[in-house]
There are 2 protein chains.
Amino acid sequence: MASRSDVLELAVLGLLHEAPMHGYELRKRLGAVLGPFRALSYGTLYPSLRRLSERGWIAESDRPDDTARPASRRARIVYELTAAGTERFEHLVRDAGPASWDDDSFDVRLAFFSRTAVEVRIRILEGRRSRLEERLEQVSNALARNRERVDRYTLELQRHGLESVQREVRWLNELISAERDRPAGPATAPPATPPPAPSSPPSPPRPRPTTAPADPTSPT
Amino acid sequence: MASRSDVLELAVLGLLHEAPMHGYELRKRLGAVLGPFRALSYGTLYPSLRRLSERGWIAESDRPDDTARPASRRARIVYELTAAGTERFEHLVRDAGPASWDDDSFDVRLAFFSRTAVEVRIRILEGRRSRLEERLEQVSNALARNRERVDRYTLELQRHGLESVQREVRWLNELISAERDRPAGPATAPPATPPPAPSSPPSPPRPRPTTAPADPTSPT
DNA sequence: GGTGCGACGTATCGAGCCGATACATCGGCG
DNA sequence: CGCCGATGTATCGGCTCGATACGTCGCACC
């Protein structure tokens, strides 16, 4: 329910919600949303478009996209949301389960916050925070458990990682209180800033993780 | 040359360099090295062990691993490094190309710093830093280019991401000068701390990226 | 005035990764 | 004594990535 696929689905649907687009452009815009790094490959995008199409969320559009020039039409395939797709997108945005606290997922959620109701936004931010707090705890435990048996460098890495997570928690706290101060968010048309830029934002640097804290498939 | 596979290869070889081990245990230790999150699945590990085995880097060991109890032997398969594997590991450690500046790669490299010559360590740290500086530049450009057309939340995300990267650069700078002050590193036996803990370090929290800056498969 | 190059654009293939799952044995606990 | 959870090895389907193929367009350079 929250693999890369689902994130991709949300992102594609969200972008097409803004405007019909063809694959190549989607990919560029996607880079901005997923984080400019980890932009996905065509080997992922095209099959994915086909899947979404089969499920009926998206469909090829006839309109030449740029109506002005009928002559030079290349073989581009413009996709647009279907009615079902729109509904699906709205459902995905509204229903923010624990999956949306994940690293990858969270960024994409943030990218569509303008389309998200205030209470959902808060739920996501708080969920993300609690996720990070779990990590914090696990790492601290781990650190305490074998403080002296660990390599100098590993220790440094852990320290840095721990600090980064703490900073993100603080950042989330700020976002949350900003959200709380906000009057009351209309579900779909947020007051904040103008709707997401129609033009593609290149997107930010990923602080990049420095070793995650807790997965522990392995108990102990 | 630097896909997940190669990182995995380095990590497995490195762990077996410390002591022979069987799959299950490798996986746990791997979690500590790769970053507790992103621990790899068995669907990855076992096929990978087979590949390494086919290439002759590792081999099954006969020794019961825990020689004490001959009776209760379960069907565990203990692997150990072959001579070729040892050589391969040392080659990998020595030869730190641009691939080792990557997010995933870098952590694993750090984990084996104790086995790495000082000049190589510095090369890796500086490489990592320059990689981050590239991102910094790209994101700043991007930010400058469309400062006002972007969503409030996207902007926040970028800000936070930018800051995280800057902090990591500072962290790297500290590590680099610490390395410079170090007398002169014997190639394989570093003076720093006792050799890597024989027991498994739980590993640190990944600050977690907040949107990477620059991939740009798409040239602007 | 051709020709080469880089952007745009769609698409597939092989290799590999992930999550779930299947099996099996062991130690302990009620 | 039966059940559960940890230890162990292993595979399968679905998806992803990176490389690559193929093709068009505009235009800069000589």
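In this predicted model, α3(A) makes the largest contribution to the surface near DNA strand C, giving four residues. The elements that give two or more residues to that surface are α2 (23–34) and α3 (42–54) of chain A, and α1 (4–18) and α3 (42–54) of chain B.

**Surface near DNA strand C**
- By class, the surface comprises six nonpolar, seven polar and five charged residues.

**Contacts to phosphate oxygens of DNA strand C**
- An N or O atom in the side chain of A:R50 is 2.7 Å from a phosphate oxygen.
- For B:S5, a polar side-chain atom lies 2.9 Å from a phosphate oxygen.
- A:G23 places a polar backbone atom 3.4 Å from a phosphate oxygen.

**Helix α3(B)**
- The helix has 13 residues and reaches 18 Å from its first C-alpha to its last, close to the 18 Å expected at 1.5 Å a residue.
- Its buried residues are B:L45, B:S48, B:L49 and B:L52.
- These residues lie on the same side of α3(B) because they cover an arc of only 105 degrees around the axis.
- Their cover includes α1, α2 (23–34), β2 (58–60) and β3 (78–81) of chain B.
- On the other side of α3(B), B:G43, B:R50 and B:E54 are exposed.
- B:G56, which follows α3(B), has a positive phi, near 85 degrees.

Definitions and conventions: Residues numbered from 1 in each chain as written. Chains lettered and ligands numbered in written order. Predicted model: local features only at pLDDT ≥ 70, side-chain atom pairs only at ≥ 80, totals over all residues. Heavy atoms only, no water. Polar contact = N/O pair within 3.5 Å; in protein donor to acceptor, adjacent residues only side chain to side chain. Nonpolar A, V, L, I, M, F, W, Y, C, P; charged D, E, K, R; others polar. Expected span 1.5 Å × (residues − 1). Buried < 20%, exposed > 50% of the residue type's maximum accessible area, 1.4 Å probe, protein only. Arc of directions from axis to C-beta. Contact = heavy atoms within 4.5 Å.
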